[in-house]
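Hello,

Here is the structure I promised to pass on. Please have a look, then read my notes below.

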Amino acid sequence: MSKFYEESEISKDMESKVRKMATVVFGYGNQGRAQALNLRDSGFRVTVANVDDDYAKAAASDGFEVLSLEEGASRCDIGLLLLPDEVADTVYLKSIAPNLRQGSTLVFASGYNIFYGRIKPDRSLDVLLVAPRMIGAGVRSLCAAHKGFPVLAAVHQAATDSAEQVMLALCAGIGAFNPGGCVLRSSFREETLTDLMGEQAVAGSILYLVKAVYGKLVERGVSPEAALLELYASGEYVEVFSKAAEIGLWGQLRLHSHTSQYGQQTRGPRIVNERTDEILSEILDEIESGEFASEWSKEMGSGLTRFRELWDANMRSEMLSHERSLYTRLGRRPSG
Ligand code: NAI
């Protein structure tokens, strides 16, 4: 069994020392805002470092002192790098690394830049992973309600002997040990593999499977509205996945009719079959070898042409024009 940390493993002396350290949150977006507010509520000394943009204004209006990235780096004992993964390496190299003090702690919320060697922190730094399995809005709202959420945590590099204690104090500070939460000992590799595989293989295939099933139903004369309501617009599958999180993936199946239970278990494996297994291995190989990461870097470096083409094609699809009409009729606001 993997190791789940307990809150009792945190030394109280150490926790109170960590709270007094200068904690700088680099970036005030989804995770940055949530973690900065949670840590401040937990008694940490938190400052935000950001470029001069609307996120910096939001941090100031939430009552934080906002420093430049360079100044934040020079002042921090603990620096949480909560910037988008695709820019964090450049920002780190230019503005943060040259200003960090020896012995300070660098904390990531994703394994991406360390696992792929895009950021190579100086050996004098403690390098930690504190990666919530929760969107930023949830990190904030759950903590505010004294509830927890899962976190993958790891020590990648321990330059001091307090690295693991700092990691646990941060997990506690953002609310991960609150009821309902957990802190699993992980690694930068494991976080990267699970994160990218979940996004690409689960979320990615759901998008395109829904689109394909919609096309098939409409081809057979089903109205676009009936198809959309069935496939996602009703929110029925939100309930299904919420029940899966609560009582288990197969446990939730018992809440469906017997016809549905039989249909799902006989037809599902016809779509997800041996060929799917080969494709999953290919996708995971591309993630683990860094092939996907270098393809994505090249795409960003060459002006995001394919990225925009994919977005344009999907936004122009007939399915989305029906979605827009349906959502307007239902008083919702489709995004994009
Ligand atoms: P985000 O996209 O919300 O970050 C916005 C922040 O980055 C702003 O403060 C903005 O000023 C700054 N920023 C953007 N481009 C910049 C640039 N070129 N130079 C300097 N600053 C720049 O990022 P998000 O989603 O909060 O992700 C932060 C980290 O958390 C990432 O490592 C991500 O993988 C991880 N993570 C994110 C989750 C989420 O809820 N979105 C969930 C779990 C982990």
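**Overall size and fold**

This is a predicted model. With 336 residues, a compact globule would have a radius of gyration near 20 Å; the chain comes out at 22 Å, which agrees. Along the principal axes, the C-alpha atoms fill a box of roughly 65 × 45 × 45 Å.

The chain holds 16 helices and nine strands. Take the contacts between residues at least 6 apart in sequence: 64% of them join residues at least 24 apart.

**Burial and surface**

Of the 336 residues, 40% count as buried.

**One helix pair**

Two packed helices are described by the angle between their axes and the distance between the axes. I checked both for helix 14 and helix 15. Helix 14 covers residues 291–301, and helix 15 covers residues 305–315. Their axes come within 7 Å and cross at roughly 90 degrees. Angles of 65 to 115 degrees count as roughly perpendicular, so helix 14 is roughly perpendicular to helix 15.

Which residues meet there, from helix 14 and from helix 15? Helix 14 brings Glu-295, Trp-296 and Glu-299. Helix 15 brings Thr-305, Arg-306 and Phe-307. By class, this contact has three charged, two nonpolar and one polar residue.

Best wishes

Definitions and conventions. Residues numbered from 1 in each chain as written. Predicted model: local features only at pLDDT ≥ 70, side-chain atom pairs only at ≥ 80, totals over all residues. Heavy atoms only, no water. Axes fitted to C-alpha atoms, helices over the stretch in contact; angles between N-to-C directions. Helix = DSSP H or I, 4+ residues; strand = E, 2+ residues; numbered from the N terminus. Parallel < 35°, antiparallel > 145°, perpendicular 65-115°, else oblique. Contact = heavy atoms within 4.5 Å. Nonpolar A, V, L, I, M, F, W, Y, C, P; charged D, E, K, R; others polar. Rg over C-alpha atoms; globule rule 2.2 N^0.38 Å. Buried < 20%, exposed > 50% of the residue type's maximum accessible area, 1.4 Å probe, protein only.
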